[in-house]
Amino acid sequence: MKMKSLSEMIYQWICYLCPDVYVGSIFDIDLEELKKNGFSGIILDLDNTLVKPKSREVSQEVMDWLKNMEQLEYKRCLVSNSLLKRVQIFSDKFGIPFISRAAKPRKKVFWQALNKLGTKPEQTIMIGDQLFTDILGGKRIGLFTILVSPLDKQELWTTSLIRYPEKLILKWLRNRGLLKPLDVK
Ligand SMILES: [Mg+2]
């Protein structure tokens with residue numbers, strides 16, 4: 001078997017960290033258009049994608065957006081690294097199945113989510129606010145990945161640490177035209 005060169009390996013990991021789409025918020029995602037393009041399942045991150053990390057409140061806009069997703073007959077699943085108790089609260093509010101303490105970007109958990117959805121990777125979208133968990137994990141199993149800007153700057157300290165290298169990578173991708181400026185709000 002041919003060994004991959006270091007540059008090939010680096011390139012592959014950069015591809016894994018490059019979202020297919022980068023938008024300002026979930027409301028910039030054209031769910032109808034994606035449905036027309038054959039997508040039928042959506043894996044949703046929770047904190048800083050749908051709700052603020054330290055809050056239990058959900059805006060009416062987010063509830064309406066999730067309702068619209070349901071009306072478009074998307075299968076949906078929450079996949080969060082947060083603890084069961086927190087994810088369960090939102091799962092109940094949304095009426096969406098969930099996986100908590102997911103340890104994204106583990107591949108296994110994304111396959112478990114696909115099992116819950118009953119969709120194939122090429123039919124499934126991952127929406128989240130973090131490159132190293134949501135995008136990396138989704139790309140590793142071939143999902144269509146959408147990165148959203150985080151809802152709130154107030155984050156867990158562990159997440160704050162990750163934001164700096166994340167910014168550097170996004171800048172690197174943007175400078176090489178791998179993130180189209182039009183996609184970035
Ligand atoms: Mg998040």
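How many residues line the largest pocket, and which lie nearest its centre? The largest pocket is lined by 15 residues, and Pro150, Lys153, Arg163, Glu166 and Lys167 are those nearest its centre.

## Basis of the model

The model is predicted; local features need pLDDT of at least 70, side-chain atom pairs count only at pLDDT 80 or more, and totals for chains, interfaces and linings use all residues. Residues are numbered from 1 along each chain as its sequence is written, and side-chain values use heavy atoms, with hydrogens and water left out.

## The largest pocket

The volume of the largest pocket is about 370 Å³. A pocket is found on a 1 Å grid over the protein atoms alone, as an open set of points where a 1.4 Å probe fits, with protein on both sides within 12 Å along at least five of seven lines; lining residues have an atom within 4 Å of a point. Grid points are joined across faces, edges and corners, and the volume is the space filled by probe spheres set on the points.

Strand E6 and helix H7 (157-175) each supply at least two residues of the lining. H7 gives the largest share, six residues. Helices (H or I, at least four residues) and strands (E, at least two) are DSSP runs, numbered from the N terminus.

## The sheet

Six strands make up an open sheet with parallel pairing, in the order E1-E6-E5-E2-E3-E4. Strands E1 (21-23) and E4 (98-99) are at the edges with a single partner strand each, so one side of each has no neighbour in the sheet. Two strands count as paired if DSSP finds at least two bridges between them.

E1 and E6 pair over three bridges in the parallel sense, and within E6 the bridge partner of Tyr22 is Leu147. Leu147 is also the bridge partner of Gly128. Strands E5 (residues 124-128) and E6 (residues 144-148) run parallel and are joined by four bridges; Ile125 has Phe144 in E6 as its bridge partner. Four of the five residues of E6 are buried, where buried means under 20% relative accessible area, exposed over 50%, and partly exposed in between (1.4 Å probe, protein chains only).

E2 and E3 are parallel too, with four bridges between them, and Ile42 stands opposite Arg76 in E3. In a regular strand the side chains alternate between the two faces of the sheet. In E2, Gly41 and Ile43 point one way, Ile42 and Leu44 point the other way, and all are buried.

Helix H5 (residues 107-117) lies across E2, E3, E4 and E5 and runs at about 150 degrees to E3. Axes are lines fitted to C-alpha atoms, for helices over the stretch in contact, and angles run from 0 to 180 degrees between N-to-C directions.

Helix H6 (residues 131-140) is largely enclosed by the rest of the structure, because eight of its 10 residues are buried. Among them are Leu131, Ile135, Leu136 and Lys139. The buried residues of H6 pack against helix H1 (6-16), H5, E5, E6 and H7; contact means heavy atoms within 4.5 Å. Just after H6, Gly142 has a positive phi of about 85 degrees.

## The magnesium site

Asp45 (OD), Asp47 (O) and Asp129 (OD) coordinate the magnesium ion at 2.0 to 2.2 Å. Along the chain, these donors follow the spacing D-x1-D-x81-D. Donors are N, O and S atoms within 2.8 Å of the metal (3.2 Å for Na, K and Ca); water is not among the atoms, so sites may look incomplete. Asp45 and Asp47 are both buried.

## Two loop residues

Pro53 is placed in the loop between E2 and H3. Its relative accessibility is 13%, so Pro53 counts as buried. Not counting residues up to four places away in sequence, Pro53 touches Asp47, Asn48, Arg86, Asp152 and Gln154. The C-alpha atoms of Pro53 and Arg86 are separated by 10 Å, and the two are 33 residues apart along the chain.

Arg101 lies in the loop between E4 and H5 and, at 60% relative accessibility, counts as exposed. Leaving aside neighbours within four places in sequence, Arg101 is in contact with Ser80, Asn81, Ser82, Leu83 and Leu84. Leu83 is 18 residues from Arg101 in sequence and 5.3 Å away in space, C-alpha to C-alpha.
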